[in-house]
Amino acid sequence: DKKKSKKSNDAAPAIVDTENAMSEEDRELKERLETCVSTLINEGNEASVTVPIRLKALDVIVTELRSATSSMTSVPKPLKFLRPKFEVLKEHYGSIGGDEGTDLGDKELLFLRARLGDVLAVLAMTLGKHDERESLKFKLKGTRDYETLAKLGDNAAAADNNLGSWGHEFVRSLAGEIGQEYNARVIAGADPEEDEPFQDLLGMVDVIVPFNVSHNAEAEAIDLLIEVQRLKKILELDSIDQNNYRRVCLYLIKTADFMSDPDDYEEVLESAYEIFRKQKQYYDALRVAIRMGNEEVIPDLLDECSEDKLMKKQMCLLLGRQRINHEVEGDDDEEELNELIGNEKLSEEFLKVAQDLDVMDPKTPEDIYKSHLAETGGFSRRRDASGAQVDSARANLASTYVNAFVNAGFGQDKLMTPDNDWLYKNKDHGMMAASASLGLIQLWNVEEGLAQIDKFLYSSEDYVKAGAALAVGILSSGVRNDADPTLALLDEHIRGDSHVMKCASCTGLGIAYAGSAREDVMELLLPLVEQENSGPTTMLEVSLAGLALGMIYVGKCDDDVGGSIVQRLMEATDEELNHSHAKFFCLGLGLLFLGRMEKAEAMLEAIRTIEHKISKFTAIVLETCAYAGSGNVLKVQEMLHQCAEHLTEEAEHQMAAVIGIGLITMGEDVGAEMALRSFDHLLHYCELPVKRAVPLALGALNVSNPDFSVIDQLSRLSHDPDAEISQNAIIAMGLCSAGTNNSRVAGLLRQLSEFYNKEAGHVFCVRIAQAMLHMGKGLLTLNPIHSDRMITSGSALGGILVLVYSCLDLKSTLLDKTHYLLYYLTCAINPRMLITVNEDLSWRPVTVRVGQAVETVGQAGKPKTITGFQTHTTPVLISTKERAELGTEEVLSVSSVLEGIVIVTDNPDYEPIESSS
């Protein structure tokens, strides 16, 4: 034992005589402890050493240990000196009660054993063997003795059983051992549902958890409860109050990302939801409910905050942002609340922000292309002069889209609104796109927009008429209007005979009612899905109707829609399933289960019975959509596994798997970073089809977030010799920078338009990317994740997926006749503004700080939530990775997250700082 003490003594190892190296007080402490130990175990078996004297000796040891273990910066002295005596004390502990009978009748001896058990538990924390969990065993035995004492009526002694008095480190180490012991018992066959086999452990958990919560270690408390699968106990704690509920809930919500089991995931969020409700934080409770996809609780939550009218309005604004189709009934302000959920004021507020930031002037496509900056300007003009076609149809089509996206929501432009000339500079589907672009320009402004579009609905040209029908749908995307114009106007065309009209109307309905789960719209579209006659045009109608249904019922797991789509896939001929647009039909099915995890299992089984290569593709689309944004590691591994096979033909399912990796890890930072590394490997080692999908997955992972390294990677890929890789990379650059006006990306895209000036397909892609980059003159975003990166909007993600999946086969979609699928992006378009308003929703400019968001989960104290901030006066624009906080104490915000429209109230406790004269 001499050796041991020498090692543990932190003095210079060269000094052999450890006794002399100690200071006076250390030596005194060591001797005192050694005397106590020999008295306690009564080495000489003297009769005069009675139990009370032994207790006194033990008391000295306990006091020394307790005063020392409170801080764990260095090895505490008493622990160091008691190390050599650990085995002796263990033997003695075993002998107490061994001689005197096990149920010690003698209270004092029992108390002695209980306290010695505690001391050994503390010593075993550093000395015990790792796998034997000695510390826990001694503590459990000690606890049993204390319980016996309490039964015998010795409450003073029983009160001494206080975990906290041994310091934090001991509690932490015990918690770790409890988790291990629990797992060991479960493996040994105990039923985790029952409390019986774990009675002793749960007794200690009930002590440790409140101790941790009241000492600012909420994270450790939650971890322990998750370890022993008893998270619900957190709801019974009294120690969660208005000072710490935020930290508890933040930790719970962030932990949910790492729960691979759907039931655990549900339970973690459910706990956060309940805590928010108890604290009367209904807005936050609503955010958690939306995150769980639990829309049934919305009416209850709105009823519960019946007194707080402002909170209600704020909640309705959130429902509007998430495009949840909820009708408030039986409320005094029901009309106003329903207007907020229906986004009826969105256009008005957006235009006010545009005026405030002075960007109302319409922009032309040329303002975006800036072709006068092209270095090869001289040459290209001379070449044009030599008889080449000046106005190509595809260039005009590109300009139509650029014009539409750049002026989206502004209600005025220079091509479409002044006169009809531009319309006739296009042909066929180009005309359709041009008249549909009116819908995007007038976005959200239903009243005025309809007046402008109306004249085209009665045009003699079918394509113009179809475009106008689509425009009606685009116009009312996410906006609820009492008159319901979209359904009224498109109803007849869906039932009509014209193929073009049917396609346009399906798409229009899909965009207008995305996420609304309206049954009347479903009944209109289902006959199109189920139609039997097989012509080349039929499958396109079927696919577009299926896609529209997927968008309308996004994430709703509706049986009727799902059943019809699967049924149609099973009955389809091979020729139909080989149709270039059949994959949109599959995507419609995937969208139905977006983010719904295990609820898609039954459908997956049904899909696997289809005998066609599309069944593999559909299964992966369905699975990746179901786990979208869940960060589920096991699913990511499955998808990587799919990509490992080297296929050059029939590899659509691998492309879907690559996009799936981006989808699953989106919205969860750790997973997203790891996915980026996997994409590098895929680019190095996989076949072409997989490589073609990588840029799209990168784009989907960083929507409206032009991260330096990602843009760099895409810029390299955009010069790839393979045309499809480079085209996808170009579109992905647009997706990453959507609505940011990022100057670096703008420069790269201008260079690309020169680099590829002879490749019509590439130029078109560059134009579309430029349209996304400058979308809404930089006031809009496509990012589907909002509310402080907590909630994913299903309809927005659906709109992005339509674009991504159409890029898997650009030649037959965007570069062919169905380029109007681009308009599905409308579902994802949202203003990226922060407006502060008064109680009556009139503007109230307030100073706010906007900076890079910082992760504060599980940190002690009150950490800063943003870094590198600038102070602005609202309205301000907030980009994807940024967060805003109020810069003044004069007002309080009703919502806990500053995004979109935020109601602020006067702070009753605010005292203005007296300015010194």
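Analyst: Let's start with Arg-495 and Asp-491, which sit four residues apart in helix 26 (residues 485–495), so about one helical turn separates them. Their side chains meet in a salt bridge, with N and O 3.2 Å apart. Keep in mind that this is a predicted model. How covered are the two partners? Arg-495 counts as exposed because its relative accessibility is 59%, over the 50% cut-off. Asp-491 is partly exposed, with a relative accessible area of 25%.

Side chains of opposite charge can pair when their charged atoms come close.

Take Glu-218 and Arg-247, whose closest N and O atoms are 3.2 Å apart. Glu-218 is buried, at a relative accessible area of 3%, while Arg-247 is partly exposed at 24%. Then there's the bridge between Glu-339 and Lys-345, at 2.9 Å from N to O. Here Glu-339 is partly exposed, with a relative accessible area of 23%, and Lys-345 is partly exposed too, at 34%. Salt bridges can also join up into a network, as they do for Arg-133, Glu-181, Arg-185 and Asp-200.

Now back to the helices. Helix 27 (residues 499–512) has 14 residues, and at 1.5 Å a residue it should span 20 Å; its end C-alpha atoms are 20 Å apart, so the two agree. Helix 27 is also mostly covered, with 13 of its 14 residues buried.

What about the nonpolar side of things? In soluble globular proteins, nonpolar side chains tend to be buried together. The largest nonpolar core in this model has 292 residues, and those with the most contacts inside it include Tyr-401, Leu-525 and Leu-782. Helix 7 (residues 107–127) gives the most to this core, with 13 residues. Looking past its neighbours within four places in sequence, Leu-782 is in contact with Val-703, Leu-735, Met-772 and Ile-829, among others. A second, separate core has 16 residues, including Trp-422 and Phe-456.

Some nonpolar side chains do face outward. Phe-258, Val-670 and Met-674 make a nonpolar surface patch of about 310 Å². Phe-258 is in the loop between helix 13 (245–256) and helix 14 (262–278), and it counts as exposed, at 56% relative accessibility.

For a contrast, look at Ser-806, which is in helix 43 (residues 794–806). It is buried, with a relative accessible area of 1%. Leaving out residues up to four places away in sequence, Ser-806 touches Phe-584, Thr-813 and Leu-814.

Finally, zoom out to the whole chain. There are 43 helices and 11 strands, and buried residues make up 57% of the 917 residues. The C-alpha trace spans about 120 × 75 × 55 Å along its principal axes. Among contacts between residues at least 6 apart in sequence, 71% join residues at least 24 apart.

Definitions and conventions
Residues are numbered from 1 along each chain as its sequence is written. This is a predicted model: local features need pLDDT of at least 70, side-chain atom pairs count only at pLDDT 80 or more; totals for chains, interfaces and linings use all residues. Side-chain values use heavy atoms; hydrogens and water are left out. A nonpolar core is a set of buried Ala, Val, Leu, Ile, Met, Phe, Trp, Tyr and Cys residues joined through side-chain atoms within 4.5 Å. Buried means under 20% relative accessible area, exposed over 50%, partly exposed in between (1.4 Å probe, protein chains only). Helices (H or I, at least four residues) and strands (E, at least two) are DSSP runs, numbered from the N terminus. Contact means heavy atoms within 4.5 Å. Patches are made of residues with over 30% relative accessible area and no salt bridge: like charges are joined within 9 Å, nonpolar side chains (Val, Leu, Ile, Met, Phe, Trp, Tyr) within 5 Å. Accessible areas come from the Shrake-Rupley method with a 1.4 Å probe; for residues, only the protein chains shown count as cover. A salt bridge is a side-chain nitrogen of Lys or Arg within 4 Å of a carboxyl oxygen of Asp or Glu. The expected span of a helix is 1.5 Å times one less than its number of residues.
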